[in-house]
Amino acid sequence: MSDDVTIRFVTRDDYAQWLPLWDGYNAFHERSGPTALAPEITAMTWERFFDAYEPVHALVADAGGKLLGLTHYLFHRSTTAIAPTCYLQDLFTSEAARGKGVGRALINGVYTQAKLVGSPRVYWQTHETNHTAMQLYDKVADRPGFVIYRKIL
């Protein structure tokens, strides 16, 4: 990754550059057009980053004022640890930034924040067909073999 990329907390001034990355992330996950998130979800997500009472946080990859990627993560309680667990919920880089270490830097940024609050682990999930991302994930984390079940209510 280029030395001029900085991983930092998102600021309110970043909205115009964050939104296209967020939209790209959602489109990748087939949430666009008729299946797009409701605008109020995007608005609430954005506001949560700046609410001190929310456990949701955002980091961005900044190269000279241009945002190349984002990651959103949150802390939650667990029945197996006293310290909060960190869930890396969203990770996305612009097409131009892929393969240049930006995704790895964003993950490492989440690791740093988790360590600062004493979190014993960071975890995330990806779709089994996301082979490109899994090439990176297999280098920066362990794959424990758990299967996820869900029920949409």
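Two residues are taken to be in contact when heavy atoms of each lie within 4.5 Å. The structure is a predicted model, in which local features need pLDDT of at least 70 and side-chain atom pairs count only at pLDDT 80 or more, while totals for chains, interfaces and linings use all residues. Residues are numbered from 1 along each chain as its sequence is written, and side-chain values use heavy atoms, with hydrogens and water left out.

Helices (H or I, at least four residues) and strands (E, at least two) are DSSP runs, numbered from the N terminus. Setting aside neighbours within four places in sequence, H57 touches F49, T71, H72, Y73 and F75. With a relative accessibility of 23%, H57 counts as partly exposed; the cut-offs here are under 20% relative accessible area for buried and over 50% for exposed, with partly exposed in between (1.4 Å probe, protein chains only). H57 and Q89 are 32 residues apart in sequence, and their C-alpha atoms are 9.9 Å apart in space.

F49, one of the contacts of H57, leads on to the aromatic rings. A search of the whole structure turns up 14 aromatic pairs. Rings of Phe, Tyr and Trp (its six-membered ring) pair if their centres lie within 6.5 Å; planes under 30 degrees apart count as stacked, over 60 as edge-to-face and the rest as tilted. One of the pairs is W18 with W46, a tilted arrangement with 4.8 Å centre to centre and 45° between the planes. This pair ties together distant parts of the chain, as W18 belongs to helix α1 (residues 15-28) and W46 to helix α2 (residues 39-48), 28 residues apart. W18 counts as buried because its relative accessibility is 0%, and W46 is also buried, at 6%. W46 pairs with F49 too, this time edge-to-face, at 6.0 Å centre to centre and 80° between the planes. F49 has 11% relative accessibility and so counts as buried. Ring pairs join Y15, W18, W22, Y25, W46, F49, F50 and F92 into a cluster.

The angle between α1 and α2 is about 125°, and their axes are 12 Å apart; axes are lines fitted to C-alpha atoms, for helices over the stretch in contact, and angles run from 0 to 180 degrees between N-to-C directions. That angle makes α1 oblique to α2, given that angles under 35 degrees count as roughly parallel, over 145 as roughly antiparallel, 65 to 115 as roughly perpendicular and the rest as oblique. The crossing of α1 and α2 is right-handed, the term for a near helix turned clockwise from the far one by less than a right angle, with anticlockwise giving left-handed. On the α1 side, Y15, W18, L19 and W22 meet T42, T45 and W46 of α2. Sorted by class, this contact has 5 nonpolar, 2 polar and no charged residues (Ala, Val, Leu, Ile, Met, Phe, Trp, Tyr, Cys and Pro count as nonpolar, Asp, Glu, Lys and Arg as charged, and the others, Gly among them, as polar). E30, in the loop between α1 and α2, has a phi near 60°, a positive value in a residue other than glycine. With a relative accessible area of 63%, E30 is exposed.

Another helix pair is α3 (residues 102-116) with α4 (residues 131-140), packed at about 40° with axes 11 Å apart. This makes α3 oblique to α4, and their crossing is right-handed. Here G103, R104, I107 and Y111 of α3 meet L136, Y137, K139 and V140 of α4; by class, the contact has 5 nonpolar, 1 polar and 2 charged residues. Beyond neighbours within four places in sequence, Y111 contacts V122, W124, V140 and A141. Y111 and H131 are 20 residues apart in sequence and 22 Å apart in space, C-alpha to C-alpha.

Back among the strands, T85 lies in β4 (residues 85-93) and counts as buried, at 1% relative accessibility. Neighbours within four places aside, T85 is in contact with L74, F75, H76, S78, S119, R121 and Y123. G64, by contrast, is in the loop between β2 (56-63) and β3 (66-76) and counts as exposed, at 78% relative accessibility.
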